[in-house]
Structure formats: C-alpha cells, structure tokens
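Hi everyone, thanks for making time this morning. I'd like to walk you through one structure, so let me put it on the screen.

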Amino acid sequence: MNTSDRPGQLVTGVIARAKDAPVELATIHVPDPGPGEAVVRVQACGVCHTDLHYVQGGIGDDFPYLLGHEAAGIVEAVGDGVTDVAPGDYVILNWRAVCGECRACKRGRPWYCFNTHNATQKMTLEDGTELSPALGIGAFIEKTLVAAGQCTKVDPAARPAAAGLLGCGVMAGLGAAINTGAVTRGDSVAVIGCGGVGAAAIAGARLAGASKVIAVDLDDRKLEGARELGATHTVNSSEQDPVEAIQGLTDGNGADVVVEAVGRPETYRQAFYARDLAGTVVLVGVPTPEMQLELPLADVFGRGGALKSSWYGDCLPSRDFPMLIDLYLQGRLPLDAFVTEEIGIGDIDAAFTKMHSGDVLRSVVVMAGESA
Ligand SMILES: NC(=O)c1ccc[n+]([C@@H]2O[C@H](COP(=O)([O-])OP(=O)(O)OC[C@H]3O[C@@H](n4cnc5c(N)ncnc54)[C@H](O)[C@@H]3O)[C@@H](O)[C@H]2O)c1
Ligand SMILES: [Zn+2]
Ligand SMILES: [Zn+2]
C-alpha cells in the first residue's frame, strides 16, 4: 500500500538502506498516532555508536533502518488512551517504555523491563517499505512515531541538544556509576574508556560524591575531557599498566567501583583486577558476539564482590530524566560538555568518521528551524 492511501504525513529522515552503504536522506511516511502512540517533532538528536553499529549490520539485518535515538522534542499529537503526555509537552525519548506487566516489572524492578513498548504502527518509505527504527525510536527525522511511554516530560528550560543526550549514552554512563555501581560519597571509582559513556560515568561518580575518580583511556584528548568532568586522576593505559596505576592511587588496594566503558575482554580483565576486594565491576561497554573472557575461577571467588552489567544505566526514565535535567539546570550536571558540535541532518556520515577517529564526545543533529 503506498502512502497516499494512509492517514499521516511525509517528512525527511535518515536511513541506512543496506549494510555499510552511506546513509541517505529519504522521504518517510509517519502515520497519525494510534492508540497508545505519539508523534514527536524532533528538535535535536545525538549521533551514537549504536547508530553506526546498525549501519555496519552489527545489530541485525532488518534494513532499511531509520537511524537516531538520543533525542529531545515536542509532542505534536497523541493517539487514543494516552494520558501521560499531551501535545506541546517537551520530552526526551527513551528506549525503556516500562510495560508494568512483565516479570521484572511485577517484581518491582521496572528498570529491567523485559517487554519495553514501541509504536505498533510502522513508519515507511513512500513505496510502503517498512522501516526498522533504531532502538525502537528512529529520531534523525523531522517527526517520529513512538509509543507514548517512550516520551518522558522534562523541564523545557533545558536546551534540546543537551537534554536529548540523556536518551542513551550519557544516561548509560551516569547510571552505570549511580544506579548499577551504586557509587556513594567517599568511594574510589575508576572508569576505563572515556568516550561519551565513560565520561558520563565520571560525571556520575562525581555527582554521587566519589572522593577519587580515576580516568583510564589510550587517548590523551579523552583524558583531558575526563578531567574537566571531574576525574581526579588520569591514566594513559598505552603508557602504563592500568591495574598497577589504579592500585597505586588507592593505597595499593584497588578502587571500590570500576566501570568498564569499552566492551572488550582485556579491559574487562583490567577492571576485574583493578578493584578492591569485595568491590564492584560494572560492564557498560558492549562486547561483540565473538568475544570470550577467561578468568581463574579461584580469583572470581577469592576477590568477592559484584560483577554487574548495566543496561541503559539501569535507568527508569520517568524517575531519572526529570531529576537529571533539574540537576543540569542547577549547574550540577555538565551536559553541555558532551555536545562537541552541532550539525545538520545531512552531516551524519561525517559525524561517524569523527566518532571513529575519537575527535568528538558527541555530534548532535539540530533539526532545521529548531534552536539547539
Ligand atoms: N550498556 C548500555 O546500555 C550502553 C549504551 C550506550 C552505549 N554503550 C556502549 O558503551 C561503549 C562506549 O561507548 P562510547 O559512545 O563512549 O564510545 P566511544 O568510542 O566514544 O568511547 C570509547 C573510548 O574507549 C577508549 N578505548 C578504546 N580501547 C581502549 C582500551 N583498550 N583501553 C582504554 N580505553 C580504550 C577510546 O579511546 C574511547 O575514548 C560502547 O561499547 C557502546 O556500545 C552501552
Ligand atoms: Zn515490564
Ligand atoms: Zn545510543
């Protein structure tokens, strides 16, 4: 069925048509919202590593993908039965629209929700080809269709280019420290990998009152950025052994919490040995399917503590987004420091290149006619 037969509107968005092909601008049909759905006018959307993973075929083969998922915007219309948000609301989009009914939700742990909601209807190309929206969002587009639960209302005083970043990588890093790692005042914390996610874990550790925050990366530019976000010490692990360096900075003991924000076996091993006895390792970096980890089981037992993984920073958007935006507006959470550059919707391939070379924490697409 082509688009002229269906209620909705035609807008411009960015798609990945096939594996490793350059991304392209396309005309996309966005249906009017059905029951439980909302159409959101996107104001800004960050470029995340996960978007590139989609392009590279690393997440699935459901091409064409509608890219983009770290976004803020204004609700334009809602479908039947939607009461939590209304047209005109300023929202951050999330990829954990809590269902309230799965076994995680029923056990009172909705941040793990195993059945998160997305829009039921599909956005399509003009010829009717259905699109797969990145992380169930798809926000490099003028307007997107999502489940209403994917819209979290926040204070409109927060500028979209900064606020949208809470929708994915920055929340993942903040939450890895604050929620999963349960960092508290006086803790020593080490963060391995200081890209957007690791840098956010550093900001989170500082916010939670960590007394020592040790940043580890191979790239001095990232270590400099980490210092600005609150790292008290930096370690370039291409020049010195990071386990020894972290132990040396913690009276020989290791850190209370080590956040691994790279997603590789060698950095996980560093995290495992760089923490104090009974300390916590948080894995927030995402490994690829072929990676394997081997550790002496005697050390897994003998060193005790907790080995945890952090999905989306174990966040509960309705609890965490408004609170973190309030802290941002009070000057206590430097979200602006994550916005390295603002770009147009046509500049996404160039942003992938800059991300790959380590030149940016985040490039953020600001939609034409919107203020950032
Ligand atoms: N768990 C989640 O919910 C979630 C959400 C978003 C992103 N992520 C993942 O978090 C990871 C980091 O994302 P990002 O956006 O910060 O990526 P990024 O590419 O911006 O940052 C990665 C950083 O790690 C550093 N690095 C690479 N190899 C290293 C090594 N051997 N030792 C020390 N540092 C090293 C790089 O120099 C870079 O600064 C990715 O795996 C991403 O997929 C996880
Ligand atoms: Zn659920
Ligand atoms: Zn992301």
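Which element supplies the largest share of the shell around ligand 1? Before I answer, please keep in mind that this is a predicted model. The answer is α5, with 3 residues.

Let's stay with the ligand for a moment. There are 30 residues around ligand 1, and the ones that come nearest are Ala 172, Gly 193, Gly 195, Val 197 and Gly 263. Besides α5 (196-207), at least two shell residues each come from α1 (49-55), α4 (169-180) and β12 (212-217). By class, the shell is made of 13 nonpolar, 13 polar and 4 charged residues.

Now, back to α5 and its packing. Its axis comes within 9 Å of the axis of helix α6, residues 220-229, and the two cross at roughly 25°. Therefore α5 counts as roughly parallel to α6, since the cut-off for that is under 35 degrees. On the α5 side, Ala 199, Ile 202 and Ala 203 make the contact, and on the α6 side Gly 225, Ala 226 and Leu 229 do. That contact has 5 nonpolar residues, 1 polar and no charged ones. The crossing of α5 and α6 is right-handed.

Parallel strands β12 and β13 are joined by 4 bridges, and Asp 217 stands opposite Asn 236 in β13.

Thanks, everyone!

Notes
Residues are numbered from 1 along each chain as its sequence is written. Chains are lettered from A and ligands numbered from 1 in the order in which they are written. This is a predicted model: local features need pLDDT of at least 70, side-chain atom pairs count only at pLDDT 80 or more; totals for chains, interfaces and linings use all residues. A residue is near a molecule or strand if its C-beta atom, placed from the backbone, lies within 6 Å of it. Ala, Val, Leu, Ile, Met, Phe, Trp, Tyr, Cys and Pro count as nonpolar, Asp, Glu, Lys and Arg as charged, and the others, Gly among them, as polar. Axes are lines fitted to C-alpha atoms, for helices over the stretch in contact, and angles run from 0 to 180 degrees between N-to-C directions. Angles under 35 degrees count as roughly parallel, over 145 as roughly antiparallel, 65 to 115 as roughly perpendicular and the rest as oblique. A crossing is left-handed if the near helix is turned anticlockwise from the far one by less than a right angle, and right-handed if clockwise. Two residues are in contact if their C-beta atoms, placed from the backbone, lie within 7 Å. Two strands pair if DSSP finds at least two bridges between them.
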